[in-house]
Amino acid sequence: MAPSAVYYPPPPAQSQAQEKPVLAAAVPSKGPALAIGSPATAMDGKYQSLITSLEQSRQVERHMVDRLLDGATSLPPSSFASVHVSLSAPEYETLAPRIPELLAQLLGGLEPLGTLHILNLDSALPNLPSELTLAGFTVLSASQDGSIIAQKPAHSTATTVSLRTAPAAALPLRRKADPARKASKKALWTLNAPSTPSIDAESLLTDADKERPAACEPAVRGAPRRKKACKNCTCGLAELEAEELAQSKVVLLDGSQNGQTMEVSQSEKERLIAAAAAAPKATSSCGNCYLGDAFRCSSCPYRGLPAFKPGEKVEIDFGMDDI
């Protein structure tokens, strides 16, 4: 329904500056109402009397305050012309920590210019007017019988306006082209600018740079040499190392309890390794031989040797530096 304005005539003793008519806030008079109660006010009859008085002039919807706070029900937005809350004074004190939450729900359920009537306050919630103002209400009156009437503003303070929406006629600004500036920028990034003098790369080299590096001397068997051959070796050192490796000898240890050492060539070593890989792996009686001397038996043939991986054959190369 359309809001109605109530006119209050000025008192006769007022001055001329205050003799203008005063209009109270426009309040919907016959719109749908919401009655909020509690088990205590339902038992003492205050909630029923409130509903009876409201139903004489308007449609009334009923809710219990605990269902609103627990989320069991929610209020449709902007649906009620007035909201009437009837609780007992002890219940108001109990709900004091959740009053902001309740007021936020009631503000959303009220129509613009709708009124909120909080009844039966007595001396409970002395800071309720401040809470109403913080929630977005305008406090209209506070009576001596413990009731407060507040009003929702005509325009919600939570209305948002997108700042990213640009006008349809807005066009990007274009900078006027400067031919001189454009030419200077083009010359800056030109690799072959006519003003840049050329540099002779040969003049940057010294005589030491132009000398040919000394070639590697041919490798000679038995002569002092490098530790290893270079990659893509051309002096014959790589071939000499491969030949010495093929002719070198290795010592193999027999894995039996009374095993002996055996000197074999590299080709024989490779044959034995292939045969050992094809044969089933042997297992020790204790299973700890490969862990080291701390885990070996007194009669273990591996005593004195380093630890090794299970199934690995222990080898000693004659070319090792520490022998």
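Guide: Two strands pair if DSSP finds at least two bridges between them, and strands (E, at least two residues), like helices (H or I, at least four), are DSSP runs numbered from the N terminus. This is a predicted model, in which local features need pLDDT of at least 70 and side-chain atom pairs count only at pLDDT 80 or more, while totals for chains, interfaces and linings use all residues. Residues are numbered from 1 along each chain as its sequence is written, and side-chain values use heavy atoms, with hydrogens and water left out.

Visitor: How many bridges join β3 to β5?

Guide: On one side of the account, β3 pairs with strand β4 (residues 60-64) in the parallel sense over five bridges, and L34 stands opposite E61 there. In β5, the residue opposite A35 is H84. β3 and β5 also run parallel, and the number of bridges joining them is four.

Visitor: How many residues of β3 are buried?

Guide: Buried means under 20% relative accessible area, exposed means over 50%, and partly exposed lies in between (1.4 Å probe, protein chains only). In a regular strand the side chains alternate between the two faces of the sheet. In β3, A33, A35 and G37 point one way while L34 and I36 point the other way, and all are buried. The strand is largely enclosed by the rest of the structure, because the buried residues number five of the five.

Visitor: How much space lies in the largest cavity?

Guide: Rolling a probe the size of a water molecule over the atoms shows where empty space is left. On a 1 Å grid over the protein atoms alone, a cavity is a set of points where a 1.4 Å probe fits but cannot get out, its lining residues having an atom within 4 Å of a point, and with points joined across faces, edges and corners, the volume is the space filled by probe spheres set on them. The structure holds one cavity of 30 Å³ or more, and the lining of the largest cavity is V85, Y92, I99, L102, L103, L106, I118 and L128, with α5 giving the largest share, four residues. The space in this largest cavity is about 60 Å³.

Visitor: Is S147 buried or exposed?

Guide: S147 lies in the loop between β7 (138-142) and β8 (148-151), two antiparallel strands joined by four bridges. Not counting residues up to four places away in sequence, S147 touches (heavy atoms within 4.5 Å) I118, L119, S141 and A142. With a relative accessible area of 16%, S147 is therefore buried.

Definitions and conventions
1 Å grid on protein atoms, 1.4 Å probe; cavity = no way out; pocket = protein on both sides within 12 Å on 5 of 7 lines; lining within 4 Å.
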